[in-house]
Amino acid sequence: MKARLRKSRFWQAGAWVTLFAASAAPAAELLNSSYDVARELFAALNPPFIQQWDAQHPNDPLTIRQSHGGSSKQALAILQGLKADVVTYNQVTDVQILHDRGNLLAAEWQARLPNHSSPFYSTMAFLVRKGNPLGVHNWGDLVKPGVKLVFPNPKTSGNGRYTYLAAWGALEKANQGDQAKTRDQMRQLLKNVAVFDTGGRGATTTFVERGLGDVLISFESEVNNIRKQYGAEQYEVIVPPVDILAEFPVAWIDKNVRANGTGEAAKAYLTWLYSPPAQRIITQFHYRVYDAQAMAAARESFPPTTLFRVEETFGGWPQVMKRHFASGGELDKLLAQGHE
């Protein structure tokens, strides 16, 4: 991204002479396509990166625009033509589909940045009302009759898929691998859902502003931020003792950054997310990070829990999507049986 040249022509000695003069470059612009509940996080992350970029590239001032929504819907928008330069999602499959269905980024995208291109991670947590009146402490408590749950639809939200898989994996471990018992409990858990919103922020609105449900299930980061925003005295956060590791993959979209001329800025932006200053900011929003010093400084914000990986428990995302979330898969069957 270089300063544009302004062209002018004048007559001299019987010939037209063309002069080029440098003019101020328009601001370079990145579009970050991100998941539903990441608005506040990137509102805090973007300004310090822009300040650093502008200091290092005085002739290339930078702006960053955000697009937020359910991560699967965001990915679909890119496949349909949204010219995002980078994606910062909450599930690997929503990035992978951009390669598989659109050939928009390199097959090896997860190897381009550390930790499988995941600069931070989280897990699922419960937000309950003051005093935890139903005594909710683990996933087994959510299958009790009469417990009204709110979380996003796994068909449209990575947040919802992680909730579903966290419940299944934790219940299966508690049941020592008994698939029949686990499936029966999952049927009851889904039957207890009061509202299936399309994304995490919609679920928050349903629980907090509309007052529906007894338990909101969302990322640990989201429920802590809700508690902070709406009053710590009104809500409690519960991190169950067995939970899922939720990765937050990032990638630059090769085809789009080539077309937009934003490759350098896009790569620098995502690399900066791994830097100590960015990692410290990320922990302030209750995301867990790989920087040991940042985690040590924020250790009181993160209750201990045993995290399992999707790959270890379910065999990987391709198997998960086919077995659980494809049309006619486990999710559809359990929902149908719950309404019989």
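The exercises below concern a predicted model, and each one comes with a worked solution.

**Exercise 1. Classify two ring pairs**

Decide how the rings of Y162 and W317 are arranged, and then do so for Y164 and W168.

Solution. 
- Step 1: Recall that a pair of aromatic rings is described by the distance of the centres and the angle of the planes.
- Step 2: For Y162 and W317, the centres are 5.5 Å apart and the planes stand at 90 degrees, so this pair is edge-to-face. The cut-off used here is over 60 degrees.
- Step 3: Find both partners along the chain. Y162 belongs to helix 5 (residues 158–174) and W317 to helix 14 (residues 317–325), so the pair ties together parts that lie 155 residues apart in sequence.
- Step 4: Turn to Y164 and W168. Their ring centres are 6.0 Å apart with planes at 35 degrees, so this pair is tilted.
- Step 5: Y164 and W168 are four residues apart in helix 5, which separates them by about one helical turn.
- Step 6: The whole structure has 16 aromatic pairs, and ring pairs join Y35, F120, Y162, F219, F248, Y287 and W317 into a cluster.

**Exercise 2. Buried or exposed?**

Are Y162, W317, Y164 and W168 buried or exposed?

Solution. 
- Step 1: Use the cut-off: a residue is buried under 20% relative accessible area.
- Step 2: Y162 has 1% relative accessibility, so it is buried. W317 has 5% and therefore counts as buried.
- Step 3: Y164, at 1%, is buried. W168, with a relative accessible area of 0%, is buried too.
- Step 4: Try the cut-off on S67, a residue of strand 4. Its relative accessible area is 18%, so S67 is buried.
- Step 5: Look at the surroundings of S67. Leaving out residues up to four places away in sequence, S67 touches L31, N32, S33, S34, Q74 and L82.

**Exercise 3. Find the buried side of a helix**

Which residues of helix 2 (residues 71–79) are buried, and where do they sit around the axis?

Solution. 
- Step 1: The buried residues of helix 2 are S71, S72, Q74, A75 and I78.
- Step 2: They span an arc of only 160 degrees around the axis, so they are on the same side of helix 2.
- Step 3: See what they pack against. The partners of these buried residues include strand 3 (28–35), strand 4 (62–69) and helix 9 (254–260).
- Step 4: Follow the chain onward. Just after helix 2, G81 has a positive phi of about 125 degrees.

**Exercise 4. Explore a pocket and a cavity**

What volume does the largest pocket have, and which residues line the largest cavity?

Solution. 
- Step 1: The largest pocket has a volume of about 480 Å³. Its lining has 25 residues, and T93, D94, I97, R161 and M321 are the closest to its centre.
- Step 2: Helix 2, helix 3 and helix 14 are the elements that each give two or more residues to this lining. Helix 3 has the largest share, with six residues.
- Step 3: Now count the cavities: there are three of 30 Å³ or more. The largest cavity holds about 40 Å³ of space.
- Step 4: V37, A38, E40, L41, S221, E222, N225, F285 and Y287 line the largest cavity. Helix 8 (220–230) is one of the elements giving two or more residues, and helix 8 gives the most, with three residues.

Note on methods
Residues are numbered from 1 along each chain as its sequence is written. This is a predicted model: local features need pLDDT of at least 70, side-chain atom pairs count only at pLDDT 80 or more; totals for chains, interfaces and linings use all residues. Side-chain values use heavy atoms; hydrogens and water are left out. Rings of Phe, Tyr and Trp (its six-membered ring) pair if their centres lie within 6.5 Å; planes under 30 degrees apart count as stacked, over 60 as edge-to-face and the rest as tilted. Buried means under 20% relative accessible area, exposed over 50%, partly exposed in between (1.4 Å probe, protein chains only). The arc is that of the directions from the helix axis to the C-beta atoms. Contact means heavy atoms within 4.5 Å. On a 1 Å grid over the protein atoms alone, a cavity is a set of points where a 1.4 Å probe fits but cannot get out, and a pocket is an open set with protein on both sides within 12 Å along at least five of seven lines; lining residues have an atom within 4 Å of a point. Grid points are joined across faces, edges and corners, and a volume is the space filled by probe spheres set on the points.
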